[in-house]
Amino acid sequence: MLDQLNALEQEGLAQLAAVADSESLEAWRVKHLGRNAQLAELMTGLGALPAAEKPLAGKRANEVKRALEAAFAEKAEGLRQAELAQAAERDAVDVTLPGRPAPAGRLHPNTVVLRRLYAVFADMGFQIYRSGDVETDLMNFELLNFPKDHPARDMQDSFYTNEPNVVLRTHTSPGQIHAMRASAPNPVRAILPGWCYRYEQITARSEVQFLQIEGIVVGPGIRMSDLKGTLTDMARRLLGPDVRTRFRADYFPFTEPSAEMDVECFVCGGKGCSVCKQSGWLEILGCGMVHPTVLRNGGYDPDQVSGFAFGMGPQRILMLSHRITDIRQFLQNDLRFLEQF
Ligand code: DAH
């Protein structure tokens, strides 16, 4: 019995030394320490031994079992470490490889300039008010004091729809009427951004679809000096605290008096360059005191309140400041253009 146990121990340890992976280790465990292992069988047979041999054989059997178990545990740990090390090597990341660039999306320049203007006007207490791209002739023209045969209609060639008297808005000014009607008789201070459409030859300087931002302020005692102060402040917030502005008389049917605002050329600082055509000034918006007829059409009593309005083309401001020479680029979705912003 003792000889058999010694032989089992030696054989077990010898075979364990040859085990090189966890699969054969498991096979070894089943063979040497499993329920049907020879050792287990011998141990079951202990009971049948003569009483004199039993204690010694029992002790030896337990020793062999513990020795095999200990050797097994050590081997298992060794294999685990080796397999870990192998995996670490196999799955190693070469941190010296150059990275793959992740292309970043970005905002369209239209969105960028609109958001800047929203921020400037929001700081000045303006609400953003939206109205639709499709308007009636009544809203787009008549209520803004353009009668049917008014020559100023020729300034804005319209896209008519199949529906009689329904047009794509040629400017954001009809939004003035919507904003006033939504607010009257209370004061209103709002900007109205949006797309406008004009039936024109598409050239580097004119697109059939372009952005405008309209502004409308109505309340008791609003004066021309409020218009000048507000728009000059807006220009300074947008272009810098020292930018100079000037107002020139102009004509729009829906304002009286009407003006255009110029800012000192932000390309040359007013010295004269090709962008400002050597004048030192850039025209950036039209404005004026809301015509009494338009106030009335908006639901106000022109004897009680007065107001001013303005309209600007954000894309024009972008074109001037970034020296973009072709307005068509804003809608072409050419990445070579868009990636420059
Ligand atoms: N709607 C005019 C245009 O598209 C721009 C404009 C001028 C808007 C004067 C105004 C304004 O509100 O007061 O040419």
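Start with charged pairs: this predicted model has 17 salt bridges. Select Arg 29 and Glu 26, whose side chains meet in one of them, at 2.9 Å from N to O. Both sit in helix α2 (residues 22-33), and because they are 3 residues apart there, about one helical turn separates them. Arg 29 is partly exposed at 29% relative accessibility, and Glu 26 is partly exposed too, at 39%.

Arg 336 counts as exposed, at 66%, while Asp 334 is partly exposed, at 27%. For a network of salt bridges, pick Glu 9, Lys 59, Arg 60 and Glu 63 together.

Now jump to Asp 262, in strand β7 (residues 255-264). Is Asp 262 buried or exposed? Its relative accessible area is 2%, so it counts as buried, the cut-off being under 20%.

Last stop, the largest nonpolar core, with 43 residues. Helix α5 (109-123) is among the elements that contribute to this core, and α5 gives the largest share, 6 residues. Click on Phe 121, one of the residues with the most contacts inside the core. The residues Phe 121 touches include Phe 126, Ile 191 and Met 234. Apart from this core lies another, of 21 residues, among them Ala 179 and Val 188.

How values were computed:
Residues numbered from 1 in each chain as written. Predicted model: local features only at pLDDT ≥ 70, side-chain atom pairs only at ≥ 80, totals over all residues. Heavy atoms only, no water. Helix = DSSP H or I, 4+ residues; strand = E, 2+ residues; numbered from the N terminus. Buried < 20%, exposed > 50% of the residue type's maximum accessible area, 1.4 Å probe, protein only. Core = buried A, V, L, I, M, F, W, Y, C linked by side-chain atoms within 4.5 Å. Contact = heavy atoms within 4.5 Å. Salt bridge = Lys/Arg side-chain N within 4 Å of Asp/Glu carboxyl O. Lists of a residue's contacts leave out its neighbours within four places in sequence.
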